[in-house]
Amino acid sequence: MNSKFSKVQLLGFYEVMYRTRRFEEEVFEFYKKGMMPGLAHLYLGEEAIAAGVCAALDETDYIGSSHRGHGHLVARGARLDRMMAEILGKKDGYCKGKGGSMHILAMDKGILGANGIVGGGIPIATGAAYAAKYKGTKQVAVSFFGDAASNEGTFHESVNMAAAWQLPVIYVIENNLYGISVDIRDVTNTENLADRAKAYGIPGTVVDGMDVVAVFEAASKAVKRARDGKGPTIIECKSYRWQGHHVGDPGEYRSRRNKDEKEQWMKRCPVKNYRARLLSESDAVDESDVVGIENAVEEEIKYAVRFAVDSPYPDAKDAFTDVFV
Amino acid sequence: MAREILYRDAICEALDEEMERDKNVLLLGEDVAYIGGNFKTSVGLYDKYGDLRVKDTPISEAGFLGMAVGMALTGLRPVVELMFSDFLLVAGDQAFNQMAKIRYMSGGQATVPMVVRTPIGAGRSSAAQHSQSMQAISAHFPGAKVVLPSTAQEAKGLLKTAIRDDNPVIFLEHKMEYSNKFTIDDDVAPIPFGKANVAREGGDVSIAATSSQVMKSLKAAEKLQSEGISCEVIDLRTLVPLDRETIIESVKKTGRLLIVDEAHEFCGIGAELGMNVMKDVFYFLDAPIGRIATPNVPLPFSPALEFPIIPSEEKIVAEVRSLLGK
């Protein structure tokens, strides 16, 4: 750990994961207090994936997100206050309250949108990669989606085209084992979803999605390959979600195969375990560094919550704006 | 100066001129490159602009339409060709949930400047999955403009506008017109959206028509003129945005309205336009509003079944007479 990464990098991983964790916990609070219209799909448990992948990107790269998208946005540096406001349906939200949790888009951060349709964002990220290749900008695009989306036609269509045309795109499968209640192992006869890469003639890698460093290293390799014009990579991150499909879904269906499944995964918490590893393995980092980050994030979260709560709801007449340019 | 041109070549000219004008314009779709399009609407463009800009895609309609959405979000102006408008349903999520809604869902942060060109219409014995007219369903979902060119001049001028528009545009060409010859100006300027064209002035009946039905209505009007019936033919050009005013002003003058569109009748264009203008024209009407559409059966294969159910010059003539009580 010491030799490979600078202190800034090591703390950076932690900061992004911790910020994501705390953000999602507060979103869950909104739901429990009845403050949130609709629902949200929490990223709790999967923080290492977005943190690891986004650390491998440049400012100008693009990401396409999914319905479980808060973590991707936080890791990309999107504003927590405007995200929170959007989740509450407020006027100062990223989308002025028109998108909500599932549709946050932040063009200033290259975030082409979370997406309410499973697999819906995969061709869009692929098109951003085509545009980068067309314009010769050396940008790359990352498409984040779950295990279940890899059974959508858009996944196969997109990967096929990206492979055929060597597009600079990285497909990140966040395999949390479930599509709502359906176990991926019950509907797919492929142990590793990344093996599907073989069918399209591109590299596919399986990594431990609970290990931010492993994710970062796999993503860095894929990003380099994409930037060098060698085409796409599939990275499958083995992971787990702490909650059910969305807030309010206890996710109890997950005990049918192994009653201790959730507890076993939670022991592998990407945030807590990384913190412990950082303090034990890194000579450069001490507890005050970590606590400093935690305190600063706490302030950010407090501010974001206040901003969101204080933001007014949009005017009813705003429903009619932004349909066309 | 005017010259003669095939409808399909007018489309190709519009693509060529826009690609020459703006390097961010590119074309992708099935068979658009090497053979120049299934209906020959992009002949020569692959040789002129190269493989990256005129792209043959795999048969992955949702995939490549969605890719175009990503291109449009990141600074390009893609033109997607769907070989038949029926295939909009294959790419339906990308067209209607993604392309048409991203701007709105993003609170106006994103723009999606892209065109989906695709042919509509029956008359080629192509049966129920290659003959539909998708304008009603396209216009039903908010967020995309819907354009229906009639002549080659309209096709060229409206396509230029579509490509320059910062919004997604569904551009519905009529497949029975591709090989028809029209007179066209030497230089065709972009034709603004939302402005219907009064293709023929008249005083007894207003006929509001789309696409090929404009030409059929003009022929019908010519025939009716010899019977002493004067028809005003309005080429709607775009359904989204809709030029209500031109229809309303015409009906106030004539007192009668016939709507002619080839999409299915139920929940179709006639139903929408009739109700859309009803409040403004009701007290001016001398007869109930009429409509001609394709009845609600799938398009059949045999010409013996197909032609009798789609709109025709004869049906327009008969319906106009009926509106006049003749």
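In chain B, 25 residues of domain 1 are in contact with 25 residues of domain 2. The structure is a predicted model. The domain assignment places residues 2–185 of chain B in domain 1 and residues 197–323 in domain 2. Taken over C-alpha atoms, the centres of domain 1 and domain 2 of chain B are separated by 26 Å. On the side of domain 1 of chain B that touches domain 2, two or more residues each are given by helix H6 (135–140), strand S6 (145–147), helix H7 (152–164) and strand S7 (169–174) of chain B. This side of domain 1 of chain B has 13 nonpolar, 9 polar and 3 charged residues.

Chain A contains an open sheet of 5 strands in the order S1-S2-S3-S7-S6, with parallel pairing. Strand S1 (62–64) and strand S6 (204–208) of chain A each have a single partner strand and stand at the edges, so one side of each is left without a neighbour in the sheet. From one strand to the next, the twist averages 20 degrees.

Strands S3 (residues 169–175) and S7 (residues 233–238) of chain A run parallel and are joined by 6 bridges. Glu174(A) has Cys237(A), in S7(A), as its bridge partner. Helix H5 (residues 122–135) of chain A packs on the sheet and touches S1, strand S2 (141–146) and S3 of chain A. The direction of H5 of chain A makes about 170 degrees with that of S2(A). Helix H9 (residues 212–227) of chain A also packs on the sheet, where it touches S3, S6 and S7 of chain A. The direction of H9 of chain A makes about 170 degrees with that of S7(A).

Key. Residues numbered from 1 in each chain as written. Chains lettered and ligands numbered in written order. Predicted model: local features only at pLDDT ≥ 70, side-chain atom pairs only at ≥ 80, totals over all residues. Pairing = 2+ DSSP bridges. Helix = DSSP H or I, 4+ residues; strand = E, 2+ residues; numbered from the N terminus. Axes fitted to C-alpha atoms, helices over the stretch in contact; angles between N-to-C directions. Contact = placed C-beta atoms within 7 Å. Domains from an automatic or database assignment. Nonpolar A, V, L, I, M, F, W, Y, C, P; charged D, E, K, R; others polar.
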